[in-house]
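Here are my notes for you to read alongside the model. Open it up and follow the points one by one.

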Amino acid sequence: MSLRPVTVLLSASGAPGTAALARALRENGEREVRLVGTDMSERAVGRHLCDSFHVVPPGGDGGFADAMLELVRREEVDVVLPQSSFDLEGLAERRDDFAPARVLVSGPDTVRASNDKAHCYAELHRLGVPAPRFERVRGGAAVARAARTLGYPDRPVCFKPVVSSWSRGFRVLDASVDRAHQLLHERPGSVSMRLDEALELLPNEGGPDLLVMELAQGGERTIDGVADGRRVVLGHPKTREAMRAGLAMYFVTLDDPGLMELANRIVAGFAIEHFFNIQLVGDLVIEINPRISTVVYQEDLNLPYLGVKRALGEISDDELAALAARVRPGRTALRFFDQLEWDP
């Protein structure tokens with residue numbers, strides 16, 4: 001017997017993972033899932049992939065949570081599934097107001113600790129989790145001092161805004177960068193520059209809080225899953241490869257108990273609930289995202305849909321944990337660009 005239909009709201013439905021996520025939620029094999037998409041841009045692909053679509057204020061806007069709450073009530077939404085880090089704090093602070101709808105977001109303290117990268121790295125060091133050395137600074141003069149403390153110009157370092165999402169604002173400071181080669185042979189938007197070039201663009205004093213840190217190097221891996229605030233209920237590691245425009249385009253599922261143990265320490269330390277994504281470069285944890293990210297799908301392991309069922313109380317944590325045996329190491333995902341056409 002099929003289960004009752006449910007309505008899921010996908011925030012930031014212009015995000016790169018929207019198409020695959022929407023398809024997975026619909027093609028769950030058990031029930032009809034109606035999708036409500038929201039985004040701050042009317043050009044978001046969610047307008048075309050969801051059953052209904054609404055433009056809302058940016059996640060950092062004071063009116064964001066109220067706008068989302070009004071839509072949840074109007075559209076009779078059962079589950080809110082945020083895709084953007086910028087949407088998390090506003091939803092986390094008001095998540096109880098959305099009842100009976102379930103908002104798949106951790107508590108406000110968890111979101112703030114994860115989104116503020118300086119706070120995040122300090123907490124990782126406290127937990128004994130390997131993370132980059134860093135300094136939190138403001139202004140070009142402080143950036144220069146921190147970069148030199150961390151080894152520049154003998155070794156590259158990097159910086160980014162303390163609060164950001166994906167690779168926004170991330171730059172590598174490398175004294176050996178070949179600017180002529182970048183100009184003639186690389187695509188626009190290279191993240192590498194010399195320190196003096198960055199200082200030309202930054203105010204000498206003040207400005208936004210920046211995180212100057214050692215440059216993590218090595219292969220990229222992530223752990224993705226569902227957590228209960230104390231442990232990983234269901235998840236697995238994967239590689240993260242073939243970067244394009246700041247996004248990974250190729251993933252291979254891994255069998256790595258050490259990474260899962262690391263994820264459990266982080267989940268417990270940060271009290272992460274619902275979906276999460278933990279990113280490593282080499283052996284250093286560089287990112288904690290208490291939200292859904294790119295998923296490697298299997299026909300017998302639909303992680304987003306299982307997270308929705310869990311939120312609805314239709315599957316227990318023990319039942320979800322038992323599904324870990326289905327994870328197939330070596331399962332590979334290749335992302336690619338597609339497009340839609342329509343007549344206005």
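1. Start where two helices touch: Cys-120, Glu-123, Leu-124 and Leu-127 of H6 meet Arg-265, Ile-266, Gly-269 and Phe-270 of H10. Contact here means heavy atoms within 4.5 Å. Helices (H or I, at least four residues) and strands (E, at least two) are DSSP runs, numbered from the N terminus.

2. A word on the source: this is a predicted model, where local features need pLDDT of at least 70, side-chain atom pairs count only at pLDDT 80 or more, and totals for chains, interfaces and linings use all residues. Residues are numbered from 1 along each chain as its sequence is written, and side-chain values use heavy atoms, with hydrogens and water left out.

3. How do H6 and H10 pack? Their angle is about 115°, and their axes are 11 Å apart. (Axes are lines fitted to C-alpha atoms, for helices over the stretch in contact, and angles run from 0 to 180 degrees between N-to-C directions.) The crossing of H6 and H10 is right-handed; a crossing gets that name if the near helix is turned clockwise from the far one by less than a right angle, and left-handed if anticlockwise.

4. Now stay with H6. Its buried residues are Lys-117, Ala-118, Cys-120, Tyr-121, Glu-123 and Leu-124. (Buried means under 20% relative accessible area, exposed over 50%, partly exposed in between, with a 1.4 Å probe and protein chains only.) These buried residues pack against helix H5 (108–115), E6, strand E10 (209–214), helix H10 (257–270) and strand E15 (284–289).

5. At its start, a side-chain oxygen of Asp-116 comes to within 3.1 Å of the backbone nitrogen of Ala-118. Just after the helix, Gly-128 has a positive phi of about 80°.

6. Which aromatic pair turns up? A search of the whole structure gives one: Tyr-121 with Phe-134, edge-to-face, at 5.8 Å centre to centre and 70° between the planes. Tyr-121 sits in helix H6 (residues 117–127) and Phe-134 in strand E6 (residues 134–138), so the pair ties together parts that are 13 residues apart in sequence. (Rings of Phe, Tyr and Trp, its six-membered ring, pair if their centres lie within 6.5 Å; planes under 30 degrees apart count as stacked, over 60 as edge-to-face and the rest as tilted.) Tyr-121 is buried at 2% relative accessible area, while Phe-134 is partly exposed at 23%.

7. On to charges: the whole structure has 31 salt bridges. (That means a side-chain nitrogen of Lys or Arg within 4 Å of a carboxyl oxygen of Asp or Glu.) One of them joins Arg-136 and Asp-116 (3.2 Å, N to O). This pair links distant parts of the chain, with Arg-136 in strand E6 and Asp-116 in the loop between H5 and H6, 20 residues apart. Arg-136 is partly exposed at 42% relative accessible area, whereas Asp-116 counts as buried at 15%.

8. Have a look at Arg-112 and Glu-93 as well, which form a salt bridge (3.1 Å, N to O). Arg-112 is in helix H5 and Glu-93 in helix H4 (residues 85–93), so the pair ties together parts that are 19 residues apart in sequence. Both belong to a network of salt bridges linking Glu-89, Glu-93, Asp-109 and Arg-112.

Note on methods
A polar contact is a pair of N or O atoms within 3.5 Å; within protein, one must be able to donate a hydrogen and the other to accept it, and residues adjacent in sequence count only if both atoms are side-chain atoms.
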